[in-house]
Amino acid sequence: MRLCTTRPLAPRTWTVELRPQPQGPLLVCPQCSSVPESLHGRSARSAALAHLARHARRSLLPPHLRTCQCHERGCRWHPRHRGCTGPLLLVLSRESGGRLWRLADACTACAGAMPDASVVPETTLIAAHRATAPALAPARSRSSRRAPTDWTDRTLVRDMLSFLASSLAPCSPQARLLALQCALRSTPPGWVRIPSGLIRAMALPQAVAAWQELEEMRWIRQSVHDSPVGSAQLTDPLIGAPGRKARARAADWALRAHQSHPVRAGAPAVRLVALALAAHGAPDRADSIAEIGQVARASGLSVGELLDAMESLSASGSIGYWSLDPVTEDLTWTMSSPLPAAPTSDPRR
Ligand SMILES: [Zn+2]
Ligand SMILES: [Zn+2]
Ligand SMILES: [Zn+2]
């Protein structure tokens, strides 16, 4: 039970509205007195997030004062679930067919249940975790020294899959795998260069087609015309994402998660599901649990396609036991083997 204490109201919820106008939509913010902004060709998501992120940055709060804003409003932002649980996340969601955009603190359970929502990665959360990790493990062994990093990489990949779930149009699993590497390896203004060694390491059956898919949906803009795959700019740069070093390490973690033997032999959809399971898994135990809708959304697949991929992973021995509870819709699984260790020399140059 929680004590009910009085404390200053800290509404960490911000919304903007897109008003259609003959000359193009205007972004109107009821929280500040700025004049309505024209989108100037930017995507609605990108413009809304840029504005809302400014409000979030100005309203930093220590973690213990942050609360699930969804819960405080009676959980009206999503269908019913089993109650608030999990770490607080900063969540961007789209409502009223894209006319309203909201950025708010929400618990992991509420964030996962909200339709059209994605987690905005927060550097501050990761920094806070790193600061507390040594106190939790004063006498760390060689193997446990990797744990906080693994937790950070895993969390970052999970958040990035959630970001892609709302920022990518429907696309093939291999385009999604490529988009993940682009997002994790981009510079803050959104430039990304994927070396040919990395493309080879990803072993996508049709890397050029996957790259074209991202271009055609205008998720990237190609910057070098003589190379079919390589350099581009994200049309929707990541705002509030952790620094490049942390993201590059998470990109390597993601690569190992979907390239490990025998996952590597599977179709791109199967590899993407292996990655989503690893990212939603519990780092310190073999068995993991997550809502099936959340894993399907992170993989960009229907529940049926996800279950087919689970069958393939189980048949190839990549996962051990797995089950789906038809009442709670909880997916439970055990990973057969830990992720292979990072290579000592980077082959992706
Ligand atoms: Zn504003
Ligand atoms: Zn809620
Ligand atoms: Zn909640």
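In this predicted model, the zinc ion (ligand 2) is coordinated by four atoms: Cys70 (SG), Cys75 (SG), His78 (NE2) and Cys110 (SG). The distances run from 2.1 to 2.3 Å. Angles of 94 to 120 degrees are subtended by the 4 donor atoms, so the arrangement is tetrahedral. For four tetrahedral donors, the ideal angle is 109.5 degrees. Along the chain, the donors of this zinc ion (ligand 2) are spaced as C-x4-C-x2-H-x31-C.

Cysteine 70 has a relative accessible area of 0% and is buried. Histidine 78 has 9% relative accessibility, which lies under the 20% limit, so histidine 78 also counts as buried.

Cysteine 68 sits in the loop between α1 (44-58) and α2 (69-72), while cysteine 110 belongs to helix α3 (residues 108-113). The two cysteines are 42 residues apart, and the pair links distant parts of the chain. Both cysteine 68 and cysteine 110 are buried.

Cysteine 110 bridges the zinc ion (ligand 2) and the zinc ion (ligand 3). The two ions lie 4.0 Å apart.

Disulfides were also counted. A disulfide is a covalent bond between the sulfur atoms of two cysteines. The structure holds 0 disulfides. Cysteine 32 is partly exposed, with a relative accessible area of 24%.

Empty space inside the protein was examined next. Rolling a probe the size of a water molecule over the atoms shows where such space is left. The count comes to 2 cavities of 30 Å³ or more. The largest cavity has a volume of about 190 Å³. It is lined by 15 residues, and the closest to its centre are Gly112, Val119, Ser162, Gln294 and Arg297. Several elements each supply at least two residues of this lining: β4 (88-95), α3, β6 (117-119), α5 (147-167) and α11 (292-299). Helix α3 (residues 108-113) also carries cysteine 110. By class, the lining of the largest cavity has 6 nonpolar, 6 polar and 3 charged residues.

Conventions:
Residues are numbered from 1 along each chain as its sequence is written. Chains are lettered from A and ligands numbered from 1 in the order in which they are written. This is a predicted model: local features need pLDDT of at least 70, side-chain atom pairs count only at pLDDT 80 or more; totals for chains, interfaces and linings use all residues. Side-chain values use heavy atoms; hydrogens and water are left out. Helices (H or I, at least four residues) and strands (E, at least two) are DSSP runs, numbered from the N terminus. Buried means under 20% relative accessible area, exposed over 50%, partly exposed in between (1.4 Å probe, protein chains only). On a 1 Å grid over the protein atoms alone, a cavity is a set of points where a 1.4 Å probe fits but cannot get out, and a pocket is an open set with protein on both sides within 12 Å along at least five of seven lines; lining residues have an atom within 4 Å of a point. Grid points are joined across faces, edges and corners, and a volume is the space filled by probe spheres set on the points. Ala, Val, Leu, Ile, Met, Phe, Trp, Tyr, Cys and Pro count as nonpolar, Asp, Glu, Lys and Arg as charged, and the others, Gly among them, as polar. A disulfide is a pair of cysteine sulfur atoms within 2.5 Å. Donors are N, O and S atoms within 2.8 Å of the metal (3.2 Å for Na, K and Ca); water is not among the atoms, so sites may look incomplete. Four donors count as tetrahedral if all angles lie between 85 and 135 degrees; four count as square planar and six as octahedral if opposite donors are over 155 degrees apart and all others between 65 and 115; anything else is irregular.
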